[in-house]
Amino acid sequence: MIADQRLDWQPRHPTDLHRTVGSLRRGPGDPAFHLDRDGAVWRATRTPEGVATVRLIQAGGGSIRAEAWGPGAGWAVAQAPELVGDADDTSDFDPIHDALRDAHRRNPGLRIPRTTLVFEALVPAILEQKVITLQAHESWRRLLLRFGEVAPGPTARPLRVPPPPSTWAVVPVWEWHRAGVDPRRAQTIATVARFAERVDEAARMSRADAVARLTHFPGVGEWTAAEVAQRALGDADALSIGDYHLSNQVGHALVGHDVTDDEMLALLEPWRGHRYRVVRLLGASGRLRRPRRGAKLPFVDHTWH
């Protein structure tokens, strides 16, 4: 099937397609994301011009092709270079640490993506608040299968486009329960959905103003705003402060022991402007390992039986 829109380009710097856009995937069962056997990345999204399915594939010489279907296809292919990190600037990034230098050498094409779709990134970030990641991913999967729209185009497997804000705003309480989402997170999503246009304006703001806009909403704190900035805004410095495991993981990677959030900030200060990049690189190199001992976030069952 011929795509509605297509764009081919040569990224301006080394780009690893899979590592770059992998952070947009919400678990292996994400109904809006698929990696097929040919190495193509499929992504279902809701653009300002309508729903779209995007297929991204990287050729041997590093060039990338974006194909898209649906009413939002034109917008999707025009934005595709930013999606795979073409606007990511590493010119002033200096690894200056053995572990990080090695990670950077092994992953020269890891970029920070920028979708510009703030509300789209905000909903799953809220779902991931204070629960284990597997729970949040399952909630996302159930909600998209229940309320998402069938993605356009010849998708490698059936995909779902995330619901529009108008749908998120009126999800019945029992559907939240069935998806394992507690009332606090459900209410936060319903609230931001009613102001989705204001939320999406954050893509055109400075980092400080964007964070202020997002954290204005009750239930959206610094951690959630950072998770959104990492994906929607292409913010290479957006550090998920308050993450249950991150400080200890960074501490073990850089100094060999647990550290507090404040100590993590001090450790990462030499890379201000690229602190999220440091986390991504350490993660890609396998150095962000969860400590073998210590407290773990408990599984809390919010579903009805």
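I take contact to mean heavy atoms within 4.5 Å. Helices (H or I, at least four residues) and strands (E, at least two) are DSSP runs, numbered from the N terminus.

The model is predicted, so local features need pLDDT of at least 70 and side-chain atom pairs count only at pLDDT 80 or more, while totals for chains, interfaces and linings use all residues. Residues are numbered from 1 along each chain as its sequence is written, and side-chain values use heavy atoms, with hydrogens and water left out.

**Entry 1: helix 12**

I count a residue as buried under 20% relative accessible area, exposed over 50% and partly exposed in between (1.4 Å probe, protein chains only). Because 7 of its 9 residues are buried, helix 12 is largely enclosed by the rest of the structure. The buried residues are L246, S247, Q249, V250, G251, A253 and L254. Their cover includes helix 3 (98–106), helix 13 (261–268) and helix 14. Just after helix 12, I noted a positive phi of about 85 degrees at G256.

**Entry 2: R275**

R275 is buried, at a relative accessible area of 8%. Leaving out residues up to four places away in sequence, I found R275 touching A236, D237, L239, L265 and L268. The side chains of R275 and D237 are joined by a polar contact of 2.9 Å; such a contact is a pair of N or O atoms within 3.5 Å, and within protein one must be able to donate a hydrogen and the other to accept it, residues adjacent in sequence counting only if both atoms are side-chain atoms.

**Entry 3: pockets**

I searched a 1 Å grid over the protein atoms alone, where a pocket is an open set of points at which a 1.4 Å probe fits, with protein on both sides within 12 Å along at least five of seven lines; lining residues have an atom within 4 Å of a point. Grid points are joined across faces, edges and corners, and a volume is the space filled by probe spheres set on the points.

The largest pocket holds about 1,400 Å³ of space. Of its 41 lining residues, E128, T133, W223, E227 and D243 lie nearest the centre.
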